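Colleague: I'd like a close look at how one spot in this chain is packed, and then at what links the parts around it. Take me through it slowly, please.

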Amino acid sequence: MNKNGKFLIAPTLLWLTVFFVVPMLIVVAVSFASRTPYGQVVFNWTLHNYGRFLEPLYLSIFGQTLVVAFVTTVVTVLMGYPLAYYIAQLPKRWQQPGLILCMIPFWINFLIRSYAWVIILRAQGVLNTLLIKAGLIGQPLQLLYNEGAVMLGMVYALLPFMILPIYVSIEQLDHRLLEAASDLGAKPLTAFRKITLPLTMPGVAAGTILVFISSLGMFVVPDVMGGAKSALVGNLIQNQFLSARDWPFGSALSIMLAVLSLVLIILYYRTLQIQKGGADNAKDVA
């Protein structure tokens with residue numbers, strides 16, 4: 001890199017250092033500290049905060065978080081892939097409007113969208129009112145403040161993060177490979193299974209990482225739509241900082257979540273390398 005290139009990236013490096021690296025180092029330092037009964041942080045360098053994570057209560061919360069994140073990711077893949085495939089198959093002039101429709105929810109504040117779901121799902125909400133007036137139910141259904149409502153809100157919030165990477169992979173697909181497969185007698189389902197799906201797996205992997213990591217740290221949706229019945233790691237960290245005033249334990253949980261996210265990102269790059277080999281095999285088949 002020449003000297004001019006170094007000057008160009010200097011502002012970015014400075015920004016990342018001040019607003020990412022330094023705060024992260026502070027969180028790491030606090031995670032090894034302890035606190036007084038009144039919540040004051042005392043730097044006596046202990047591993048007690050990390051050991052507390054192994055307590056049954058926190059392990060169960062972490063397990064529940066993994067389950068919710070896994071289910072959310074699977075549902076977004078099942079919903080996002082067909083939608084991304086459909087948008088990619090549209091004429092060029094309709095693809096951009098299709099993507100804009102997927103991005104419209106991002107134009108509204110995330111907290112407002114979560115409360116909108118509360119209005120729809122609550123006992124006197126829009127959905128229950130319509131079902132009662134239609135005579136389909138006699139009393140309101142409990143659609144809110146449960147794990148189903150949390151997963152619904154998370155899928156709604158994170159679905160675009162799955163659609164966009166998959167769309168990019170499908171849109172960049174070399175359609176000549178599909179034409180060659182058809183000329184060689186491959187049926188559409190076979191061509192999809194042996195060519196389209198392997199070549200678009202990097203997009204699926206990218207969307208999976210984005211959705212899964214975002215699900216792990218999510219605390220707004222569980223707090224608003226899950227109430228006290230749904231506690232995930234994000235809610236636990238929020239509680240330690242804002243309510244319990246146990247900053248060292250909250251910092252330790254944050255660091256563990258960040259390390260898990262880093263591991264998943266490394267696995268994603270490993271998956272990209274494997275999928276690259278699979279893509280080469282798919283081209284050979286075609």
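Modeller: Let's settle one word before anything else: contact means that heavy atoms lie within 4.5 Å. A word on the source, too: this is a predicted model, where local features need pLDDT of at least 70 and side-chain atom pairs count only at pLDDT 80 or more, while totals for chains, interfaces and linings use all residues. Residues are numbered from 1 along each chain as its sequence is written, and side-chain values use heavy atoms, with hydrogens and water left out.

The spot I'd pick is Thr65, which sits in helix 3. (Helices are DSSP runs of H or I with at least four residues, strands are E runs of at least two, and both are numbered from the N terminus.) Thr65 has a relative accessibility of 1%, so it counts as buried. The scale goes like this: buried is under 20% relative accessible area, exposed is over 50%, and partly exposed is in between, using a 1.4 Å probe and protein chains only. What does Thr65 touch, leaving aside neighbours within four places in sequence? The list is Leu216, Leu232 and Val233.

Helix 3 covers residues 56-89, and it also holds Tyr85, which pairs with Phe192 in helix 9 (residues 188-217); those two are 107 residues apart. Before the details, here's the ring rule: rings of Phe, Tyr and Trp (its six-membered ring) pair if their centres lie within 6.5 Å, and planes under 30 degrees apart count as stacked, over 60 as edge-to-face and the rest as tilted. The model has 10 aromatic pairs on that basis. One of them is Phe32 with Tyr50: the ring centres are 5.3 Å apart and the planes are at 45°, so the pair is tilted. Phe32 is in the loop between helix 1 and strand 1 (34-35) and Tyr50 is in helix 2 (residues 48-52), so this pair ties together parts 18 residues apart in sequence. Phe32 is partly exposed, because its relative accessibility is 25%.

Back to Tyr85 and Phe192: their ring centres are 6.0 Å apart with planes at 85°, so that pair is edge-to-face. Tyr85 has a relative accessible area of 30%, so it is partly exposed, and Phe192, with 27%, is partly exposed as well.

Now for the charges. A salt bridge is a side-chain nitrogen of Lys or Arg within 4 Å of a carboxyl oxygen of Asp or Glu. How many salt bridges does that rule give? The count is four. Take Asp246 and Arg35, whose side chains meet at 3.8 Å, N to O. That bridge links distant parts of the chain: Asp246 is in the loop between helix 11 (233-242) and helix 12 (247-285), Arg35 is in strand 1, and they are 211 residues apart. Asp246 is buried, with a relative accessible area of 7%, whereas Arg35 is partly exposed at 34%. Arg52 belongs to this group as well: Arg35, Arg52 and Asp246 form a network of salt bridges.

(A charge sits over a ring if NZ of Lys or CZ of Arg is within 6 Å of the ring centre and within 35 degrees of the ring normal.) The charged end of Arg52 is over the ring of Phe249, 4.0 Å from its centre. Elsewhere, Arg113 lies over the face of Phe106, at 5.7 Å from the ring centre.

Two further bridges are worth a glance. Glu171 and Lys92 form one, with their closest N and O atoms 2.8 Å apart. Glu171 is in helix 7 (residues 147-171) and Lys92 is in helix 4 (residues 92-103), 79 residues apart, which again links distant parts of the chain. Glu171 is partly exposed at 32% relative accessibility, and Lys92 is exposed at 60%. Arg176 and Asp174 make another bridge, at 3.0 Å from N to O. Arg176 is exposed at 60%, while Asp174 is partly exposed at 31%.

Gly227 has 24% relative accessibility, so it counts as partly exposed. Not counting residues up to four places away in sequence, Gly227 touches Tyr145 and Pro222. Gly227 and Val150 are 77 residues apart in sequence, yet 9.3 Å apart in space from C-alpha to C-alpha.
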